[in-house]
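Here are my notes on this one, written as points to follow with the model open beside you. Take them in order, and find each residue as it comes up.

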Amino acid sequence: MKIALLGYGNVGKTFARLLESKHGVYPFAIVGVHTARHGSAFNPKGLSVSPAFGPAVGSVEEFLERAQPSVLLEITTLNPMSGEPAISHIRSAFSRKIHVITANKGPIAHAYAELRDEAQKAGVEFRFESIVMDGTPIFNQFRNNLPGLKVLGFTGVLNSTSKVVVAAMARGLSLEEGVKEAQAMGVAEADASFDLDGWDSAAKTAALANVLMDARVKPQDVEREGIRSFSAERIAGLAREGKTVLIVSRAERTGGGVRMEAKAEVMPLTDLLATARGTSNLLLFHTDLMGTLGTVSMNSGVEQTAYGLFSDLVDVARSV
Ligand SMILES: NC(=O)c1ccc[n+]([C@@H]2O[C@H](COP(=O)([O-])OP(=O)(O)OC[C@H]3O[C@@H](n4cnc5c(N)ncnc54)[C@H](OP(=O)(O)O)[C@@H]3O)[C@@H](O)[C@H]2O)c1
């Protein structure tokens, strides 16, 4: 199967290495890579993990025309305010009957229902397992193992960067030093203020509600409060009292829709939600037939995000 990558940052490079390591069993080929500032690369027989980039093609349409992939991986930078230009990238692929897999939560948080319907109309697959918990199965679990289950709400701790920063501040470091730690791990958004101000959590909350509760909402509909109002002194003081601060994503069905929030909360370190430390994430679903069930990912990172893309890719390859 021929794959094109739109974006070749932390996730793209890690995915390319994973694909190379599995090539004996899964002979997928990356035939094109396009970036914002590093140019474009093409090889119909497959690119290496360190492609020789030439000048950038003029547009995503031109990129798809030259690469001729059967699957596009949309792994460009998150824009939590509008989901663009990733939404347009995905539409360009659908209009050429190209399957799309993305780790970019923006399009799902802003335009899931429309994109799902457009993919169906075009007769192509649209997958996004990596958008919430770095590839730990959520959407595929519901699709494959939990038929007919109604999600009444969910509670989750889904932003790694803010937790890494709070943990650093609890050790006496500054917010900036905490951000540097998260950046060194490759888990911070390109603009880390999206993590600190709760936009990443709001986008994940909206995406989960759109896919699993048919909410048709945007991140701006999520009540949001990040961690910036907590000073390093206050967080260190809370740590001495056995407490921490977490951005908690919550959603619940109301009479007419879904109420959502992604807000910083103080809680004891012994709270179940607070056990998901560092880059670990935890998500509980409240359902009609299965009560509350949950998923945990321990110390996940960019390798697991790449695996989520890979698992989607294998699933798409099997379904066509
Ligand atoms: N890192 C993680 O652990 C993680 C986990 C889950 C989901 N994600 C999501 O995965 C996506 C990629 O994350 P990342 O960590 O790989 O980001 P990154 O390191 O910042 O890389 C982003 C890549 O996208 C390219 N790009 C940006 N805008 C573009 C455009 N308009 N057209 C073409 N290319 C464009 C950049 O080009 P240049 O190289 O030229 O700048 C870069 O190669 C994001 O949406 C993020 O939210 C990341």
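1. Start with the largest pocket, which holds about 1200 Å³ of space. Its lining is made of 48 residues, and N10, V11, I75, T76 and T77 are the ones closest to its centre. Keep in mind that this is a predicted model, and that the numbers here are computed from it.

2. Now for the ligand. Where does it sit? You'll find the ligand in the largest pocket. There are 25 residues around the ligand, and the ones that come nearest are Y8, V11, R37, H38 and T76.

3. Have a look at what the shell around the ligand is made of. Two helices, α1 (10-21) and α12 (302-319), each give at least two residues to the shell. By class, the shell has 8 nonpolar, 13 polar and 4 charged residues.

4. Next, zoom in on the backbone. A polar backbone atom of T76 lies 2.7 Å from an oxygen atom of the ligand. For A36, a polar backbone atom is 3.0 Å from a ligand oxygen. With G9, the distance between a backbone N or O atom and an oxygen atom of the ligand is 3.3 Å. As for how covered the ligand is, it would expose 910 Å² taken alone, and the protein buries 85% of that.

5. Finally, leave the pocket and look for cavities. How many of 30 Å³ or more turn up in a search of the whole structure? The search finds 1. The largest cavity holds about 30 Å³ of space, and its lining consists of F126, R127, F128, E129, F139, N140, R143 and D312. Two elements, β6 (126-127) and α6 (139-145), each give two or more residues to that lining. The largest share, 3 residues, comes from α6.

Key:
Residues are numbered from 1 along each chain as its sequence is written. This is a predicted model: local features need pLDDT of at least 70, side-chain atom pairs count only at pLDDT 80 or more; totals for chains, interfaces and linings use all residues. Side-chain values use heavy atoms; hydrogens and water are left out. A residue is near a molecule or strand if one of its heavy atoms lies within 4 Å of it. A polar contact is a pair of N or O atoms within 3.5 Å; within protein, one must be able to donate a hydrogen and the other to accept it, and residues adjacent in sequence count only if both atoms are side-chain atoms. Accessible areas come from the Shrake-Rupley method with a 1.4 Å probe; for residues, only the protein chains shown count as cover. On a 1 Å grid over the protein atoms alone, a cavity is a set of points where a 1.4 Å probe fits but cannot get out, and a pocket is an open set with protein on both sides within 12 Å along at least five of seven lines; lining residues have an atom within 4 Å of a point. A molecule sits in a cavity or pocket if more than half of its atoms lie within 2 Å of its grid points. Helices (H or I, at least four residues) and strands (E, at least two) are DSSP runs, numbered from the N terminus. Ala, Val, Leu, Ile, Met, Phe, Trp, Tyr, Cys and Pro count as nonpolar, Asp, Glu, Lys and Arg as charged, and the others, Gly among them, as polar. Grid points are joined across faces, edges and corners, and a volume is the space filled by probe spheres set on the points.
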